[in-house]
Amino acid sequence: MEYGLIYLILAAIFGLFMAWGIGANDVANAMATSVGSRVLTIKQAVFIAAIFEFAGAVLAGGEVTNTIRSGIIEVGLLEDYPEELIFGMLAALLAAGTWLLIASTMGWPVSTTHSIVGAIMGFAITGLGWGAVHWPVVGSIVASWVISPVLAGCVAYMLFRSVQLLILDRRDPITSARRFVPLYIFATGFIMTLMTTLKGLQHVGLELGTAESCGIAVIVGATLAVGGKLVIDRIPIDPSLDREFHYTNVERIFAVLMVITACAMAFSHGSNDVANAIGPVAAVLTIVQSGEVAGKAPVPIWVLLLGAAGIVAGLLMLGHRVIATVGREITQLTPSRGFACELAAAGTVVMASSFGIPVSTTHTLVGAVLGVGLARGIAALNLSAVRRIFLSWVVTLPAGGILSVIFFHIMRISFS
Amino acid sequence: MIGRSYFSGIFGTSPIKPLQEHVTKAVECAEQLVPLFEAVARNDFDEVAAVQAEISRLEDEADDMKKELRMRLPRTLFMPVDRRDVLEMLRLQDRIANRSKDIAGLVLGRRMTLPGSLVTPFMEFVQRSIDAVRQAKKTVDELDELVETGFRGSEVAVVEALLEDLDRIEKDTDNMQIRLRRSLRDMEDTLPAVDVMFLYRVLELVGKLADNAQQVGARLQIMLAR
């Protein structure tokens, strides 16, 4: 391939920039909940986010990356024109990046996932024809954009109701919290580990059976629960704190749980969103390396590492500022409800990751917050803002698509 | 790629704190009635005027708080309590402040005189009405705990106990008012007729203060029942 190396370098640069943007901006939504409830300081949040975004991207980011790389487009149609696909993927990255830049300067609620999927579909439809889009996959992706917030909302509702029944509505909520919070910690560790090990670890060269996965998940969950229990038992109960607000000490116990769910949130975000940046890079890499469009080999680990590094770089350079800003605005989610939102969202997103479905982490989290709200758990939610967020992808898909068509043609002209 | 986060935008401003601050202000208004009537008993109308001015100032503040909270409750706000209940509660709380101001204005304008034998029972009656207002504030103060527990469980029992106390206090004021009216009736012949009419009116207004407090509690009960 004549310009193979140039294509690859361009893809790496665009992909890195996109990953950087995700780290700088998107991570904040996942982490701000914990900062807003004062469970984590900014530094701690950045530290946790860096580690777990990285781990999530590398360990569990492969499936979604695969979908973005070769699931959305019928790559078989492009057997004879591998360069078309390269231009398309580069254009998609540029388009999604540009659209996100425009949207965030205008303050529009736009999702990275929707942008990149829209952009890839855009160049496929206009550049290659309607038949080039792999409609069943796209159909399930779009369906998941509706299902994931709804699912997270239902789970969050049930989680918060269980917290009410088991802890908050009891006569002695502190004792109940000490007893039951370790169980929630176990559940968090179990679900996250199970979803990751069941399908994700192939890319790291580790394949586990269902029984093994379950075993590992139980061990991880139990270890976390025991550790959490030890920490919780050492929290001194200060009755004077409860004078103003009677549940201050209970919330302090929930804070331990929220540290764990914050890790889960960062992990799941990394596992799903890294693909938005490096899925197209992986596609370009496959073609340049093998000359074929339909690469069957798993996504190379170093591509995932590249994406993970980009996210962490963005997070360290700008993310802390955004987390601080967003955190200041989210003070209503105290640990007892923040954890329910985070666990529901993280579980949903990491499940989508293991099925290789790109979903919007923020939308899922918004769904979870609404779920807790329905359980009468949040003092005030702004429904018009919620509506705007959920309607945004209707605009984002065509916008990303149109931009990518423009970039696609520019690419084609300048390289031929 | 730095923009304002749209995620935080889904959280509206909670009406709970402002509602609690407003009721605190209303209680402050009502509490001024004690120094007001003490000054009346002493026939010290300079002091009555001073207290009346103070009540008027507090009532203005409560009014501003009411308007500000109303502005911050758009129709699209999703809350664990009905928006109409919040607005109604705010209106009822504000009536406590208004009522206090009305009483003070009336007392100052007519230069009320309180027969010596009535001073003690009357002051007790005023105190008890203010107790009712304070009790209403206590229940409103539990609103953030109610949000924390999602309006369920043992916290509901705590609030219901407070509401029962409120009802009892209000009943006390009713009985005191009846007794005071009877005493006043017995001395009707010895007092100027207009003074008597005026005293009946003041008794009625102070009694209504406790009624208002009870209505605030009733609204809270409706919130619990949803």
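Tutor: In this predicted model, α7(A) and α8(A), the latter spanning residues 210-233 of chain A, pack at an angle of about 150 degrees with their axes 7 Å apart; since angles over 145 degrees count as roughly antiparallel, the two helices are therefore roughly antiparallel to each other. The crossing in which α7(A) passes α8(A) is right-handed, and the residues of their contact divide into 17 nonpolar, seven polar and three charged.

A second pair in chain A can be set beside that one. The axes of α9(A) and α11(A) come within 8 Å and cross at roughly 25 degrees, which makes α9(A) roughly parallel to α11(A), given that angles under 35 degrees are counted in that way. Here the crossing of α9(A) past α11(A) is left-handed, and by class the contact has 17 nonpolar, eight polar and two charged residues.

Several of these helices also take part in covering another one. Helix α3 of chain A, residues 62-70, is mostly covered, with eight of its nine residues buried. The buried residues are Gly62(A), Glu63(A), Val64(A), Thr65(A), Thr67(A), Ile68(A), Arg69(A) and Ser70(A). What covers them includes α7 (173-199), α9 (248-290) and α11 (335-355) of chain A, and also α5 (112-128), α6 (135-168) and α10 (301-329) of that chain.

Further along chain A, the loop between α12 (361-374) and β1 holds Ala380(A). This residue counts as buried because it has 24 C-beta neighbours inside 10 Å, where 20 or more are needed. Once its neighbours within four places in sequence are left aside, Ala380(A) is in contact with Gly12(B), Thr13(B), Ser14(B), Pro15(B), Leu77(B) and Met79(B). Ala380(A) and Ile9(A), by comparison, are separated by 371 residues in sequence and by 48 Å in space, taken from C-alpha to C-alpha.

Taken as a whole, the contact between the chains draws 44 residues from chain A and 31 residues from chain B. On the side of chain B that touches chain A, the elements giving two or more residues are β1 (77-78) and α6 (143-148) of chain B, and of these α6(B) gives the most, with four residues. By class, that side of chain B has 14 nonpolar, twelve polar and five charged residues.

It remains to describe the partner chain itself. The secondary structure of chain B comes to eight helices and one strand, and read along the sequence these follow the pattern α-α-α-β-α-α-α-α-α. Taken along the principal axes, the C-alpha atoms of chain B fill a box of roughly 80 × 35 × 20 Å. Of its 226 residues, 42% count as buried, and among the contacts in chain B with a separation of 6 or more, 85% are between residues 24 or more positions apart.

Key
Residues numbered from 1 in each chain as written. Chains lettered and ligands numbered in written order. Predicted model: local features only at pLDDT ≥ 70, side-chain atom pairs only at ≥ 80, totals over all residues. Buried ≥ 20, exposed ≤ 12 C-beta atoms within 10 Å, placed from the backbone. Contact = placed C-beta atoms within 7 Å. Nonpolar A, V, L, I, M, F, W, Y, C, P; charged D, E, K, R; others polar. Axes fitted to C-alpha atoms, helices over the stretch in contact; angles between N-to-C directions. Parallel < 35°, antiparallel > 145°, perpendicular 65-115°, else oblique. Left-handed = near helix turned anticlockwise from the far one by under 90°.
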